[in-house]
Amino acid sequence: MTPISQLGEFGLIERLTKDLKSTQPSTLTGVGDDCAVISNTDGEHMLVTTDMLMEGIHFDLVYTPLKHLGYKAVMVNLSDIYAMNATPRQLTVSVAVGKRFGVEHMDELYAGIRMACEQHGVDLVGGDTTTSLTGLAISITAIGTAAPDDIVRRSGAKDTDLLCVSGNLGAAYMGLQLLEREKMVFNSRPAKEAEAAQPDFAGREYLLERILKPEARRDIVQSLREAGIRPTAMIDISDGLSSEALHICKASGVGCRIYEEHIPLDYQTASAAEEFNMNVTTCALNGGEDYELLFTVPLTDYERVKELPDVRVIGHITRRELGTHLITRDGQEFPLKAQGWNPLAAEEEA
């Protein structure tokens, strides 16, 4: 029997869906993008996306407050809607919960969900609850809308387009390293000492916020619209810059060049990477859970895009035969590899 980890998440999805054919005229985009796109009768298309978070795989309740978890679960889904250049409208929430959780725990979880919905003007319109024997599980489906001409898919990048990214990368991954280290220290102490011990995260607050309470980049989508820039392709960075760049290149039938010196990094990320003896560029390329937007724009938009706040041009699109490469600070070229976190591999190895 072939282990699922051998295929990985995206290999498994491709295998399971390769022969699927849409039979409904209203299905415009199916599996293979950040959202499915469904035609609507009111002139706008509807976009639908679903993400599931599993305790022990996607989050650890030892250091993840339930309110933060609820907030993050919504942001993970809204980020997919924004990555299609659309506006989120509604969402449904399904929760599987074990007996160790009480009503007050669920109040905390839903307080975070409500806060995220209010902040982004999204209606919580339904869902489901059931019992779990293996821990907490949260599945959210988000629904958005966009005018047909506004929708941006992964497949529109063209040779000479600029490759741009919002925010900075690697901070969420370094925040996770900090939390995992402190958990290890906590578990190594006698019970009485562990109860009284409090980790010192002074100067690392930004890293913790990035992993525990990420923000979907609605502001970047708004900035692009206000500047009159329509990306040719876009994706959110959930599995690492390398993986997402390769998704765009595969869907668009192109190659790319990413320049190491232009990858945006926060000072706290660089400092923490040094502390953990990690290469900060590797963290930015493969860390994941940044929920920034990676997008391409025509070369003619360079002057406008470089003026956008919190946006950085990190490379450009090339012809497919030129491949996908990282250009290091000293001018060497290395092939990009999809080495971001793979939940199915992680599950197999656990």
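Tutor: Let's start with one term: two residues are in contact when heavy atoms of theirs lie within 4.5 Å. Keep in mind that this model is predicted.

Student: Okay, what does D128 touch, leaving aside residues up to four places away in sequence?

Tutor: D128 touches V93, S94 and V95. D128 itself belongs to strand β5, residues 123-131. Along the sequence D128 and V95 are 33 residues apart, yet their C-alpha atoms are 6.3 Å apart in space.

Student: Why is D128 called partly exposed?

Tutor: Its relative accessibility is 48%. Buried would need under 20% and exposed over 50%, so a value in between is called partly exposed.

Student: What about N85, buried or exposed?

Tutor: N85 has a relative accessible area of 5%. That is under the 20% cut-off, so N85 counts as buried. You'll find N85 in the loop between α2 and β4.

Student: What makes the phi of N85 worth a mention?

Tutor: N85 has a positive phi of about 65 degrees, and it is not a glycine. Most residues other than glycine have a negative phi. D310 also isn't a glycine, and its phi is positive at about 65 degrees. D310 sits in the loop between α11 (302-305) and β11 (311-319), and with 44% relative accessibility it counts as partly exposed.

Student: How do you know that α8 is mostly covered?

Tutor: Nine of the twelve residues of α8 are buried. Among them are L241, A245, I248 and C249. The helix covers residues 241-252, and just after α8 comes G253, with a positive phi of about 70 degrees.

Student: What span would you expect for α8, and what does it reach?

Tutor: From its first C-alpha to its last, α8 reaches 16 Å, close to the 16 Å expected at 1.5 Å a residue.

Student: What makes a group of residues a nonpolar core?

Tutor: The largest nonpolar core here has 49 residues, and L47, L69, L91, L136, I138, F295 and V305 touch the most other members. Several elements give two or more residues to this core, including β3 (45-54), α2 (66-83) and β4 (87-97). The most comes from α2, with ten residues. Apart from this core lies another one, of 22 residues, among them V165, A245, V254 and I263.

Student: Which residues does L136 touch?

Tutor: Leaving out residues up to four places away in sequence, L136 touches, among others, L53, F59, L69, V95 and M106.

Student: Why is K213 said to sit over the ring of Y71?

Tutor: The charged end of K213 is 4.3 Å from the centre of that ring. The distance cut-off is 6 Å, so the 4.3 Å value passes that part of the rule. The rule also asks for a position within 35 degrees of the ring normal.

Student: How many aromatic pairs are there?

Tutor: Ring centres have to lie within 6.5 Å to pair, and the count comes to zero.

Student: What is the average pLDDT, and where does pLDDT stay under 50?

Tutor: The protein averages a pLDDT of 89, and 85% of the residues score at least 70. Residues 346-350 stay under 50, and the model has five contacts for them beyond four places in sequence.

Notes: Residues numbered from 1 in each chain as written. Predicted model: local features only at pLDDT ≥ 70, side-chain atom pairs only at ≥ 80, totals over all residues. Heavy atoms only, no water. Phe/Tyr/Trp six-rings, centres within 6.5 Å; stacked < 30°, edge-to-face > 60°. pLDDT = per-residue confidence, 0-100. Core = buried A, V, L, I, M, F, W, Y, C linked by side-chain atoms within 4.5 Å. Buried < 20%, exposed > 50% of the residue type's maximum accessible area, 1.4 Å probe, protein only. Helix = DSSP H or I, 4+ residues; strand = E, 2+ residues; numbered from the N terminus. Expected span 1.5 Å × (residues − 1).
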